[in-house]
Amino acid sequence: MPGKYRVLIVDDEKNLRSLLSKVISLEGYDVKEVSNAKEMWKQLEIDAFHVMICDVKLPDANGVELAASIKARYPFIEIIVLTAFGTIEDGVHAIKNGAFDYLTKGDHQDKIFPLLNKACEKATLRQKVNDLENKLTNKFGFENIVGSNKILTQTTDLAKKISATDASVLILGETGVGKEVFAQAIHYESLRKTKSLVALNCSAFTKELLESELFGHAEGAFTGASKSRKGLLEEAHDGTLFLDEIGEMNIDLQTKILRVLETGEFYRVGDPKLRKVNIRLIAATNRDLEKEIEAGNFRRDLFYRLSVFVLKVPSLRERKDDIPKLATFFLKQFSLKTNKKEMTMSTGFLKALELHPWKGNIRELKNCMERCVILSDKAELTPDFLPSDFNIEEDQQSFDLASAEKRHIQKVIRYTNGNKTETARLLNIALTTLYRKLEEYNISSINLS
């Protein structure tokens, strides 16, 4: 419906401006009108418009030159230029400056509505695309890299600088440190963000399957290839290809990837036709590639080609000061997901997290927090909800009698898998006494693993 569209008319001829405004308003458009460029700029600061209808000859500006300035500051407004008889070249010049189209005064009343509808639809579509791009950037951008540790901050700052380029990137780090999160952020902050980010884990396929996944194949290229299929290289054309665990890639395939990086050319499996592709490559590995080179498992020339920029993502053990921030981030995420609002963490719970070795890094912490939130029947997470491999006895570092009694009850109730009758028997106390102590020490028997 036109009523959802806002139109600004800029023309110093009052009668024509008023007539045009009235005609457009009667069709359901929301119309504002001004007589010069100065008033136009003021109006643009106040209201958002889909389309502007602007005369070429204004008392304080030239509408043709004005089109470029407007598009620079308000890129989602579509501009329709009004030209006088014999000045169609002004309209053509205005289009080169970013205007949507032009109308010649005298016949504009017959053509205005089809043109206005198209301009409004284009403005709306451009805004929707921009909103979608912003959502993707917010979801996958650098805002999702949580922490203020000095090593992490330095890595993130470098990644932000890299994102503005088309250079290849090699991301190093242990499993679970968030290498793919960095790859996503680099892509969605780059000029390629409107194109695809295609990710592939090289360790998940055999050599033959990996080659087919990457390069595609021709019909009949191998048993089961019943039809031609394009690979992920073509899916990532004009976008970004993320190869995770590239250290696992067969050395023969490394040669073919190197050719793509150097020439942009490749062949599908079993197809003699040479194809071209334009991609940005981001690779990641938890292996020491220099050692793999010495062992003959990785091509030195590919390593140099990949490592235009190298990002070393620190392990969680190297950034333990970020554990409270990460835990809070995941707590909010999973409490919203499970409709458990305003959840908190006890001091003992956070202390236990900070003392844990986190061999699985952030991925392990994320899984741990999700598990605790799901299992919790209280608003506050306490050490009771942590998995049994957390050495809570050492983590608590409390040696008073009550703390020792609490830890012993926790150990026995885990041993009995939550069987309170058996727990009371082993502790040699009455069942009612056990229930009282469970309540006194805020011990939950839900978390038993």
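Trainee: In which order do the 5 strands of the open sheet stand?

Mentor: First, the general idea. Strands of a sheet pair through backbone hydrogen bonds, either parallel or antiparallel. Now the case here, in a predicted model. The order is β9-β12-β15-β8-β16, and the pairing is parallel.

Trainee: Which are the edge strands?

Mentor: β9 and β16 (309-312). Each pairs on one side only.

Trainee: Let us turn to β12. How many bridges join it to β9?

Mentor: There are 5, and β9 (residues 197-201) runs parallel to β12. Look at leucine 243 in β12: leucine 200 stands opposite. On the β15 side, 4 bridges pair β12 with residues 280-285 in the parallel sense. There the bridge partner of leucine 243 is alanine 283.

Trainee: Is β12 enclosed or open, and why?

Mentor: Buried means under 20% relative accessible area. In β12 (residues 240-244), 5 of the 5 residues are buried, so the strand is largely enclosed by the rest of the structure. Check both faces: Thr240, Phe242 and Asp244 lie on one side, Leu241 and Leu243 on the other, and all are buried.

Trainee: And which residue in β16 is the bridge partner of isoleucine 171?

Mentor: Leucine 311. The two strands here, β8 (residues 169-172) and β16, pair in the parallel sense over 4 bridges.

Note on methods
Residues are numbered from 1 along each chain as its sequence is written. This is a predicted model: local features need pLDDT of at least 70, side-chain atom pairs count only at pLDDT 80 or more; totals for chains, interfaces and linings use all residues. Side-chain values use heavy atoms; hydrogens and water are left out. Buried means under 20% relative accessible area, exposed over 50%, partly exposed in between (1.4 Å probe, protein chains only). Two strands pair if DSSP finds at least two bridges between them.
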